Amino acid sequence: MNDSEREPIEDHSDHQMLDNLEVLVPEYLELHKALASDDFESAKEHIAMFSMDSFSDIEELRAEYRSISETLIGRVESEGYEGVLFKQYCPMYDGGSSWISNKEDIENPFYGSQMHNCGETVEQMN
């Protein structure tokens, strides 16, 4: 990855986000996979591209992921993305929370193995 791909931009939620969706989305999908499988160590590695915060447990990281998801969903909806993505929704996490997945099957990143299939696919994003 060269320096131009790693230059952060500020978004409305005070997260550092890279400008290039072609780099962000694959990293975000790896973060989703780690959270859905309760892999805190892997999730900490993948969230580093989006947040400079340190996290003491997976629940703190999931709360940050919720905010990152909101920002990234907005960017994908407004800018578009090459490839198939699905907007998914869990009505139970924090009053209702959405995320992006590259598969239609639900793998809930907010509850992991506790409620792995909780949620629904709301729409195909492209």
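In strand 4, the side chains of S97, W99 and S101 point one way while those of S98 and I100 point the other way, and all of them are buried, where buried means under 20% relative accessible area with a 1.4 Å probe and protein chains only. In a regular strand the side chains alternate between the two faces of the sheet. The model is predicted, so that local features need pLDDT of at least 70 and side-chain atom pairs count only at pLDDT 80 or more, while totals for chains, interfaces and linings use all residues. Residues are numbered from 1 along each chain as its sequence is written, and side-chain values use heavy atoms, with hydrogens and water left out.

Strand 4 covers residues 97-101 and pairs with strand 3, residues 86-90, in the antiparallel sense over five bridges; pairing requires at least two DSSP bridges, and strands are DSSP runs (E) of at least two residues, helices (H or I) of at least four, numbered from the N terminus. C90 has S97 as its bridge partner in strand 4, and within the hairpin, which has six residues between the strands, D94 takes a positive phi near 55°.

H32, which belongs to helix 1, touches W99, I100 and S101 among others, including Y65, E107 and P109, not counting residues up to four places away in sequence; contact here means heavy atoms within 4.5 Å. H32 is buried, with a relative accessible area of 4%, and a polar atom of its side chain lies 2.8 Å from the backbone oxygen of E107, although H32 and E107 are 75 residues apart along the chain.

Note on methods. Buried < 20%, exposed > 50% of the residue type's maximum accessible area, 1.4 Å probe, protein only. Polar contact = N/O pair within 3.5 Å; in protein donor to acceptor, adjacent residues only side chain to side chain.
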